[in-house]
Amino acid sequence: MERVFSGAQPTGNLHLGNYLGAIRNWVALQKDFECIFCVVDLHAITVWQEPNELRSNIRELAASMIASGIDPEKHVLFNQSQVSAHAELAWIFNCIARIGWLNRMTQFKEKAGKNRENASLGLYAYPSLMAADILAYKATHVPVGEDQKQHLELTRDIAIKFNNDFGVEFFPQPDPLILGPATRVMSLRDGSKKMSKSDASDMSRINMTDDADTLAKKIRKAKTDPEPLPSEAAGLEGRPEAKNLITIYAALTDANVSDVLVEHGGTQFSGFKQALTDVVVEKLAPITEEMARLKADNTYIDAVLAKGAERADAIAQPILKEVKEIVGFLNR
Ligand code: TYM
């Protein structure tokens with residue numbers, strides 16, 4: 001049985017990287033897989049979240065997933081904290097994963113920064129909760145952006161160690177699906193940094209809630225270099241900002257980078273940026289509008305998430321029950 005699981009954090013500022021690296025691929029996978037999509041609010045609180053903002057961000061993320069094309073009737077869409085199996089299995093995995101494994105996680109190092117002693121214990125254990133998200137459903141495929149690859153390797157290690165420790169063939173080793181041309185969308189201000197929700201500069205990212213004027217301004221001001229665009233992909237080497245803008249264009253128009261360069265090679269950035277703005281506005285405007293419409297209806301979103309949580313729970317509970325048997329706990 002093949003099952004897709006993926007999630008995103010409700011920490012605001014959902015951006016084009018999240019869309020191209022993840023959500024757009026989730027939408028496509030719905031055709032061929034049974035899919036479970038999760039608003040990972042337990043992960044969000046590994047760094048401080050203001051409660052009212054968190055509540056609103058959970059609903060906004062759910063709305064943006066539906067607006068992007070996630071079908072909550074055919075597939076499962078819910079928020080993590082409503083299904084207790086995630087936290088329960090994460091605890092068991094905390095006792096399977098080794099401290100040395102977690103010490104190697106680059107995302108923890110980045111997020112904790114210099115003041116590691118002051119990071120929450122939850123931030124450290126974050127990847128173990130992520131493994132629980134996936135394995136609570138015995139998911140086989142996990143569509144994510146490039147930055148989550150290391151966490152998925154850890155998920156596989158936890159699955160293997162659990163199976164070995166208890167002498168069972170219980171958990172599958174899920175495969176990452178890192179799909180499409182835009183697996184790592186970069187900042188508009190610095191082509192060596194990924195586009196991120198937490199970048200202090202809003203000009204660095206294209207938010208899913210930006211209006212057409214804001215999008216145009218951000219793209220116009222995006223960092224570039226003085227050379228015209230190259231005519232072949234090899235000419236993008238050493239030009240990270242140019243590469244990023246071309247990649248975004250290719251991803252949004254379902255073309256490959258070489259085709260885009262055949263069309264735009266030799267031209268100046270100003271003209272290309274106008275073409276890119278048109279494409280971004282054309283693709284994002286319908287999603288942004290639908291998001292705004294859905295966001296105005298909390299009752300609908302809350303009902304979708306509650307129903308999704310019930311369905312997720314029905315899949316996870318029997319698996320968790322078996323895990324408890326394997327570990328040696330008593331079940332009710
Ligand atoms: P999060 O919320 O940071 O991001 C959601 C998805 O967006 C992708 N992404 C990007 N892709 C391309 N370019 C970028 N600049 C970019 N920035 C973000 C991420 O790779 C991700 O796929 N830990 C996860 C959430 C999570 C999860 C899971 C994912 C929790 N449990 C289980 C899969 C399975 C995260 O923080 O994603």
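Colleague: A polar contact is a pair of N or O atoms within 3.5 Å; within protein, one must be able to donate a hydrogen and the other to accept it, and residues adjacent in sequence count only if both atoms are side-chain atoms. How many residue pairs are in polar contact between domain 1 and domain 2?

Modeller: Three residue pairs, with both residues at pLDDT 80 or more. Bear in mind that this is a predicted model, where local features need pLDDT of at least 70 and side-chain atom pairs count only at pLDDT 80 or more, while totals for chains, interfaces and linings use all residues. Residues are numbered from 1 along each chain as its sequence is written, and side-chain values use heavy atoms, leaving out hydrogens and water.

Colleague: Which elements of domain 1 give two or more residues to the side that touches domain 2?

Modeller: Helix 1 (16-29) and helix 3 (51-68). Helices are DSSP runs of H or I with at least four residues, strands are runs of E with at least two, and both are numbered from the N terminus. Helix 3 gives the most to that side, with five residues.

Colleague: Where are the two domains in the chain?

Modeller: Domain 1 is 3-182 + 298-327 and domain 2 is 202-293, with bounds from an automatic or database domain assignment. Their C-alpha centres lie 30 Å apart. Each domain puts 14 residues into the contact, meaning heavy atoms within 4.5 Å.

Colleague: How much area do they bury between them?

Modeller: About 1,300 Å², with 74% of it on carbon and sulfur atoms. Buried area is the accessible area (1.4 Å probe) that two parts lose on being put together, summed over both. On the domain 1 side, Leu16, Ala67 and Pro181 supply 36% of the area buried against domain 2, more than any other three residues.

Colleague: How many salt bridges cross that interface?

Modeller: One, taking a side-chain nitrogen of Lys or Arg within 4 Å of a carboxyl oxygen of Asp or Glu. The model has 17 salt bridges by this rule. Another pair is aspartate 175 with arginine 156, at 3.1 Å from N to O.

Colleague: Why does that pair tie together parts of the chain?

Modeller: Because aspartate 175 lies in strand 5 (residues 175-177) and arginine 156 in helix 8 (residues 149-166), the pair ties together parts 19 residues apart in sequence.

Colleague: Switching to the ligand, which residues are closest?

Modeller: Gln9, Tyr126, Asp133, Asp147 and Val185, out of 27 residues surrounding the ligand, each with a heavy atom within 4 Å. A polar side-chain atom of tyrosine 126 is 2.6 Å from a ligand nitrogen. For valine 185, a polar backbone atom lies 2.8 Å from a nitrogen atom of the ligand.
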